[in-house]
Amino acid sequence: MSKENMRRLNIVEKKNNGSPNSMRNKEKHSSTQSLLSKHLKKVYPVGIHKTSSLLSISSLSLTLSNNSSSGSFTDSSSTLEQTISSALQLIAPTPTPTPTPSPTPTKREVPLAKTSVQGPVLQPSLDPSHCEDGLRRCNWITKSSDKLYVQFHDECWGVPVYDDNQLFEMLSLCGMLIDYNWTEILKRKNLFREAFAGFEPNIVAKMGENEIMEIASNKEIMLAESRVRSIVENAKCILKIAKAHGSFSGYMWGSVNYKPTINRCKHSRNVPLRTPKAETISKDLLKHGFRLVGPVIVYSFMQAAGMSIDHLVDCFRFNECVNLAERPWRHV
């Protein structure tokens, strides 16, 4: 660029700076800055040098310039105040509303009872084996047990039996456990004795068809025809064994070496339902033609007839049955 062109540009700039329009713009700009600083000092009295907001002063000026559509501020102070307040809202951090704490329910204070230090209080025993008479029995005997069942436990169950008729009766009653429990069987025990002639094997073995159907149709006995026929067939088998071995009692006790098995169980869960010995006897009885003599029924028969002592060790009948079982075997 030539020197002459440079002189022309300087002259034009001097004229513009000295023109009345430029002077008005300068005055307008200076008045705007003073008004802006005046309002900002109301919010920041110390001076705008630092801000805790993420927005800086440059962003404030950028926002103010964006809000002015004509490129300059108007002379109206109200419009300027609105613009400044909108800009200050962008700078100031928005306060997060603090949740009002829910009122905590007041707890009622329960007055503590004054207690004195004493010795241990004995609680009543909750063991079902403790009955009203104070005797400790096997825990399957409870306060709600039927009196006939308790009597059977106290007088018969686990006592060694050596009589053929009694063994035949016990084997027949144990066979009924397929359909009934001990309480239901014991309640009809006298009816069974009447129907089967006191469980005399010689008489039962001779029962004919009419007698079998009469017993099966008796609604008080409630014994199925197949069960009645099984008892009659077992009576015939007992007679055969008695003829071959001298007695049914000698044959049964001989299978356990004439000595009961004494189990010392502390809990009912330890009492077995069947044993290898019961399985062996069951197979042998089936070979001889007996019915209703599975391993579980045979072991129930062994328990009831005293061939296996399964009273719990803390039952009052345990020692009594053990003393009877340890006597020398003798056939009555």
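**Gln303 and its surroundings**

Author: Setting aside residues up to four places away in sequence, Gln303 touches Trp157, Gly158, Val271, Pro272, Ser308 and Asp310; contact here means heavy atoms within 4.5 Å.

Reader: What sort of model is this, and how are residues numbered?

Author: This is a predicted model, where local features need pLDDT of at least 70, side-chain atom pairs count only at pLDDT 80 or more, and totals for chains, interfaces and linings use all residues. Residues are numbered from 1 along each chain as its sequence is written, and side-chain values use heavy atoms, with hydrogens and water left out.

Reader: Is Gln303 buried or exposed?

Author: Gln303 counts as buried, at 9% relative accessibility. Buried means under 20% relative accessible area, exposed over 50%, and partly exposed in between, with a 1.4 Å probe and protein chains only.

Reader: Which helix is Gln303 in?

Author: Gln303 is found in helix H14, residues 295-304. Helices (H or I, at least four residues) and strands (E, at least two) are DSSP runs, numbered from the N terminus.

Reader: What lies nearest the centre of the largest pocket?

Author: Trp157, Val271, Leu273, Ser300 and Gln303 do, out of 15 lining residues. The pocket holds about 300 Å³ of space. On a 1 Å grid over the protein atoms alone, a pocket is an open set of points with protein on both sides within 12 Å along at least five of seven lines, a cavity is a set where a 1.4 Å probe fits but cannot get out, and lining residues have an atom within 4 Å of a point. Points are joined across faces, edges and corners, and a volume is the space filled by probe spheres set on them.

Reader: Which elements give two or more residues to that lining?

Author: H5 and H14. The largest share, four residues, comes from H14.

Reader: And how does the lining of the largest pocket divide by residue type?

Author: Into 11 nonpolar, four polar and no charged. Ala, Val, Leu, Ile, Met, Phe, Trp, Tyr, Cys and Pro count as nonpolar, Asp, Glu, Lys and Arg as charged, and the others, Gly among them, as polar.

Reader: Changing topic. Which residues does the UniProt "binding site" annotation cover?

Author: The unreviewed UniProt entry gives Cys138, His153, His311 and Cys315. They span 178 residues in sequence, yet no two of their C-alpha atoms are more than 10.5 Å apart, so they gather at one spot. Of these residues, His153 is included in the lining of the largest pocket. UniProt annotations may be inferred rather than shown by experiment.

Reader: Where is His311?

Author: His311 sits in the loop between strand S2 (308-309) and helix H15 (316-325). His311 is buried, at 0% relative accessible area. Its side chain makes a polar contact with the side chain of His153, at 3.3 Å. A polar contact is a pair of N or O atoms within 3.5 Å; within protein, one must be able to donate a hydrogen and the other to accept it, and residues adjacent in sequence count only if both atoms are side-chain atoms.

Reader: And where is Cys138?

Author: Cys138 is in the loop between helix H4 (77-91) and helix H5 (147-155). Cys138 also counts as buried, at 0% relative accessibility.

Reader: How many cavities of 30 Å³ or more are there?

Author: Two. The largest cavity has a volume of about 70 Å³, and H11 gives the most to its lining, with four residues.
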